[in-house]
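Trainee: Please give me a close look at one part of this structure. Start with the strands, then move to what surrounds the ligand.

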Amino acid sequence: MTKIPPLDLTQQYKTIQGEVEAAVLNILASGAYIGGDAVTGFERQFADYIGTSEAVSCNSGTDALYLALRALDIGPGDEVITTPFTFFATAETISAVGAKPVFVDIEAKSFNLDLDLVEAAITSRTKAIMPVHLFGNPVDMVRLGAIAQRHNLFVIEDAAQAAGAEWQGQKVGSWGHVGCFSFFPTKNLGACGDGGCVTTNDAAIAEKITMLRQHGMRQRYYHEAFGVTSRLDGLQAAILSIKLKHLDQWNEQRRAIASRYGQLLAEVPGILPPQPTADGMAVWHQYTLRVQPCGASLRCQEQPCGDDAKANVSANCRDWLKEKLAAQDVISMIYYPVPLHLQVVYQDLGLGEGSFPVTEQAAREVLSLPMFPELLSEQQDEVVAAIQQAASALMA
Ligand SMILES: Cc1ncc(COP(=O)(O)O)c(C=O)c1O
């Protein structure tokens with residue numbers, strides 16, 4: 001059996017190889033390597049796709065978040081509410097501008113910020129809420145927007161994993177004051193290198209980000225702020241323009257795969273497939289299920305986890321299942337094994353184990369299955385068969 005990888009970028013490349021190669025050669029011949037029509041053209045297309053008036057590209061999703069925070073004048077003394085169950089860059093950028101990330105626990109069902117808990121975390125120092133549409137699953141932006149409005153807070157959407165996702169028919173990245181996207185190659189809309197973008201309906205914010213991304217210059221060699229150098233290059237922009245045309249189709253394929261996983265895994269003991277929300281259209285950046293610990297129906301008898309799962313995350317049912325799948329050439333992933341409040345760099349926040357129980361439980365139970373638009377049904381069947389085999393072999 002050949003290995004089933006978590007994702008396979010080469011399959012997608014084959015489907016657009018001719019188009020991409022022509023575009024790349026065109027840029028190489030044009031000499032417009034930084035900036036130029038390919039970049040401004042892509043920015044216009046991406047803004048139109050997301051449904052905002054502006055899109056300002058930059059070098060990464062991390063830079064998009066950083067630039068957005070800077071453009072909103074968030075810095076030392078300010079607090080930004082966000083989730084501890086996300087990729088590190090979300091909170092890292094808050095810290096990078098000198099502000100404090102204030103973590104709020106997640107909702108068990110969606111893995112996203114628990115909106116019931118957000119208001120209690122707001123203080124006089126709170127400047128913004130930074131929701132993350134984790135795994136491509138949209139946050140309830142109507143509810144979150146209402147909370148932000150009541151307290152006069154900015155909303156910075158971390159949409160790095162959610163290009164194309166919608167809440168009530170409106171794209172994520174167009175709800176907040178700013179939306180931040182990553183074009184890291186593995187993302188739903190991925191470049192062939194690093195890339196990112198900020199979307200907004202506020203021309204002044206877009207202008208400020210444009211200034212900050214090029215050394216704080218509006219006029220060449222006149223520096224009005226300490227900025228950064230963070231640009232999307234012409235080659236990446238040309239590639240992204242091609243890929244953007246296919247994004248809806250690819251996201252549709254992801255949705256079909258997710259729906260099939262859901263059907264096939266519905267009855268497997270110990271496995272809790274993700275539940276899509278009715279008002280949200282997820283784009284399934286990851287297909288992330290929960291593996292219930294011993295005491296539920298899946299029994300990792302070879303390495304019983306029992307109550308010490310908390311203390312030893314490397315010996316729980318989820319890790320055991322991951323190993324079983326790997327032995328069958330099915331490669332699964334854990335996003336994310338260590339919540340942000342338990343990372344060494346956030347020790348000074350004084351938030352120990354037990355601070356965010358829903359997040360901590362998710363970190364022990366989540367497992368992401370192979371997910372990419374070109375995943376074949378036969379491969380999917382093999383993934384499911386490997387899970388079923390592990391589960392059934394161990395039923396009490
Ligand atoms: C939720 C989230 N935010 C931010 C980022 C940062 O994006 P990049 O890797 O392009 O800097 C990522 C990338 O993995 C992400 O998943």
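Mentor: Three strands form an open sheet in the order β12-β14-β15, and their pairing is antiparallel. β12 (271-272) and β15 (366-369) are the edge strands; each has a single partner strand, so one side of each lacks a neighbour in the sheet. Strands here are DSSP runs of E with at least two residues, helices are runs of H or I with at least four, and both are numbered from the N terminus. This is a predicted model: local features need pLDDT of at least 70, side-chain atom pairs need 80 or more, and totals for chains, interfaces and linings use all residues. Residues count from 1 along each chain as its sequence is written, and side-chain values use heavy atoms, without hydrogens or water.

Look at β12 and β14 (residues 287-291). They pair in the antiparallel sense over two bridges; at least two DSSP bridges are needed for a pair. Leu272 has Arg290 in β14 as its bridge partner.

Now the ligand. Its shell holds 14 residues, with Gly61, Thr62, Asp158, Ser182 and Lys187 the closest; a shell residue has a heavy atom within 4 Å. α3 (61-71) and α4 (89-96) each supply at least two of the shell residues. α3 gives the most, with three.

A polar backbone atom of Gly61 is 2.8 Å from one. For Thr62, a side-chain N or O atom is at 2.5 Å. For Lys187, a polar side-chain atom is at 2.7 Å.

Key: Polar contact = N/O pair within 3.5 Å; in protein donor to acceptor, adjacent residues only side chain to side chain.
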